[in-house]
Amino acid sequence: MNHSARAFWLRSPGHGEIRDVALAGPAEGEVLVRTLYSGVSRGTETLVFRGGVPESQHAAMRAPFQEGDFPGPVKYGYLNVGVVEEGPRELVGRTVFCLYPHQSRYAVPVSAVTVVPERVPAERAVLAGTVETAVNAVWDAAPLIGDRIAVVGGGMVGCSVAALLARFPGVRLQLVDADPARSKTAEALGVDFAAPGDALGDCDLVVHASATEQGLTRSLELLAAEGTVVELSWYGDRRVALPLGEAFHSRRLTVRSSQVGTVSPAARAGRGYAERMALALDLLADPALDALITGESAFEELPELMPRLAAGEIPALCHRINYTGSGLT
């Protein structure tokens, strides 16, 4: 049985379009999913949209179900929530999350979807990929009870990390961002907020997610002696300068990377990608995380929406794409 679908493609840097797709019915061991919502991760996806992925990172930056290659044409994205229409009986009718691009229907292996818990609304489940990144970051950071922590950069990833760290007992936690509007997001997450110049120093741990040179420099300044910056930012093809002279060595500071492509070695032995994603979805039962969804548009609006998101005209964290009222369902 054949099915029709529509997909968003980056034709060339800065130019997107919606294309018709012909799908064969799901093969043995696959599910056919009808998309309800997808999410635009403003940091990574707008960098891809601008053509900012360096050639050396083309392979590392591939999304699980990407088609085409950087800089374009390419079909890219990884925050998709839908309903299983065909497949194993126990999955038909279930709401699932998949690391799939913006497309109205798609067939993938059963192993590629994770059932969304009933207590998690489909509208919120689009955050699962980002919360999964935050889970991995917290595993890498390994905070301790009573730590003094700052999260520098109140974007989608930074806010997700702050939301998880807020659950640790006894920590002193601040979300630090140059945009005062992020204070409302911090308040919704139950986290203290500070502008970069007002942030509390003497931190044991700083998680950096602003993707700016200034933010990383400020992160180092906020550390106590022997402190660690966990770097989550993706800079694409930009070079970053750091003050590694001055007191960097005498204070024995550490900068370490964290990236969701590998399950943190600090995770409990045996935990893999499926367990990490299931945990992220379980954590999304917290309604406070709705604060990370800052806008919604119809699927057909994506070609006009993406340039505005990339240019910063729409100040978004996660921008949700709605397929339910578009005639695609």
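Glu296 and Arg320 form a salt bridge in which the closest N and O atoms are 2.5 Å apart. Because Glu296 belongs to strand 16 (residues 293-298) and Arg320 to strand 17 (residues 318-322), the pair ties together parts 24 residues apart in sequence. The model is predicted.

Salt bridges

- The count of salt bridges comes to 18.
- In the pair described above, Glu296 is partly exposed at 38% relative accessibility, whereas Arg320 is buried at 15%.
- Asp282 forms a salt bridge with Arg119, with 1.9 Å between the closest N and O atoms.
- Asp282 sits in helix 7 (residues 273-283) and Arg119 in the loop between strand 9 (113-115) and helix 2 (122-125), so this pair ties together parts that are 163 residues apart in sequence.
- Asp282 is partly exposed at 33% relative accessibility, and Arg119 is exposed at 52%.
- Glu17 and Arg19 meet through their side chains in a salt bridge of 2.8 Å, N to O.
- Glu17, with a relative accessible area of 22%, is partly exposed, and Arg19 is partly exposed at 27%.
- A network of salt bridges links Arg11, Glu17 and Arg19.

Strand 13 and its partners

- Five of the six residues in strand 13 (residues 203-208) are buried.
- Strand 10 (residues 148-152) runs parallel to strand 13 and is joined to it by four bridges; here Val151 stands opposite Val207.
- Strand 14 (residues 223-231) also pairs with strand 13 in the parallel sense, over five bridges, and Val207 stands opposite Val230 there.
- From strand 13 the chain passes through helix 6 (residues 213-221) to strand 14 in a right-handed β-α-β crossover.

How values were computed. Residues are numbered from 1 along each chain as its sequence is written. This is a predicted model: local features need pLDDT of at least 70, side-chain atom pairs count only at pLDDT 80 or more; totals for chains, interfaces and linings use all residues. Side-chain values use heavy atoms; hydrogens and water are left out. Buried means under 20% relative accessible area, exposed over 50%, partly exposed in between (1.4 Å probe, protein chains only). Helices (H or I, at least four residues) and strands (E, at least two) are DSSP runs, numbered from the N terminus. Two strands pair if DSSP finds at least two bridges between them. A crossover is right-handed if, with the strands pointing away from the viewer, the path from the first strand over the helix to the second runs clockwise. A salt bridge is a side-chain nitrogen of Lys or Arg within 4 Å of a carboxyl oxygen of Asp or Glu.
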